[in-house]
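Student: Could we go through this model together, one feature at a time? I'd like the cut-offs spelled out as we go.

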Amino acid sequence: MGLIILLSLSVSLDTLGIGMSYAMDKIRIPWITRLIVAAVDVALTYAAVWAGGCLWKWMPGPILRLIGGGVLLVLGARSLKNAWGESRAADYDRDDSHVLEPWEGAVLGLTMALDSASAGLGLGSLGGLAYVFPVLTGISGVLFLSLGERLCCNVRKVNGIGGGVLILLGLFRIFC
């Protein structure tokens, strides 16, 4: 269970960075939009966990652990690369209203779900416990978007922390 909690927090740290970036740009994210971001993330991550469970039934465990750990390593490396690069969030406020509308939140949710879903694929070996992961990513996504509005710190450091944790989790998944 600790692995799932740590993994859900790690893949959701990008959401904290987006919340902070939007707060600095004075872009407001209403509650309904936050909930839509979380719902899209939960739905896609749930589907990925289900697919990972199906794969686990017919693929050897060591290969799936290697694939799952490899995905976490790639996600972590990408987060670290982003932490060292440009720290601005992608502009999902397409209409320049300085309010992230629900439809814009759905697009943001799809983007955020890519990391969660990729990680969820590797959790098939955990059985029913893996289905806690999508719920935790949705909850942490809403919390991190909300917290991001109130924090003012270096977005790069936040992404770097999440990337480092994902790399450690990937190595743990491969070798343990």
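Student: Where is H98 found?
Tutor: H98 is found in the loop between helix 3 and helix 4, where helices are DSSP runs of H or I with at least four residues, strands are runs of E with at least two, and both are numbered from the N terminus. This is a predicted model, in which local features need pLDDT of at least 70 and side-chain atom pairs count only at pLDDT 80 or more, while totals for chains, interfaces and linings use all residues. Residues are numbered from 1 along each chain as its sequence is written, and side-chain values use heavy atoms, with hydrogens and water left out.

Student: And what's its backbone doing, what is the phi of H98?
Tutor: H98 has a positive phi of about 65° although it is not a glycine. D96, which is also not a glycine, has a positive phi of about 55°, and D96 is found in the loop between helix 3 and helix 4. As background, most residues other than glycine have a negative phi.

Student: Is D96 buried or exposed?
Tutor: D96 counts as exposed because its relative accessibility is 56%, given that buried means under 20% relative accessible area, exposed means over 50%, and partly exposed is in between, with a 1.4 Å probe and protein chains only. H98, with a relative accessible area of 42%, is partly exposed.

Student: Switching topic, how many salt bridges does the count come to?
Tutor: The count comes to two salt bridges, a salt bridge being a side-chain nitrogen of Lys or Arg within 4 Å of a carboxyl oxygen of Asp or Glu. In one of them the side chains of E149 and R34 meet at 2.7 Å, N to O. E149 lies in helix 5 and R34 in helix 2, so this pair ties together parts that are 115 residues apart in sequence.

Student: What about E149 and R150, how far apart are the closest N and O atoms?
Tutor: For E149 and R150, the closest N and O atoms of the salt bridge are 3.6 Å apart. Through shared partners, the salt bridges join R34, E149 and R150 into one network.

Student: Which ring does the charged end of R34 sit over?
Tutor: The charged end of R34 sits over the ring of W31, 4.5 Å from its centre. The criterion is that NZ of Lys or CZ of Arg is within 6 Å of the ring centre and within 35 degrees of the ring normal.

Student: OK, aromatic pairs next: how many are there?
Tutor: The count comes to one aromatic pair. Rings of Phe, Tyr and Trp (its six-membered ring) pair if their centres lie within 6.5 Å, and planes under 30 degrees apart count as stacked, over 60 as edge-to-face and the rest as tilted. Here the rings of Y46 and Y131 have their centres 5.0 Å apart and their planes at 50°, so the pair is tilted.

Student: Where do Y46 and Y131 sit in the chain?
Tutor: Y46 is in helix 2 (residues 31–58), whereas Y131 is in the loop between helix 4 (102–121) and helix 5 (132–150), so the pair links distant parts of the chain, 85 residues apart. Both are partly exposed, Y46 with a relative accessible area of 45% and Y131 with 27%.
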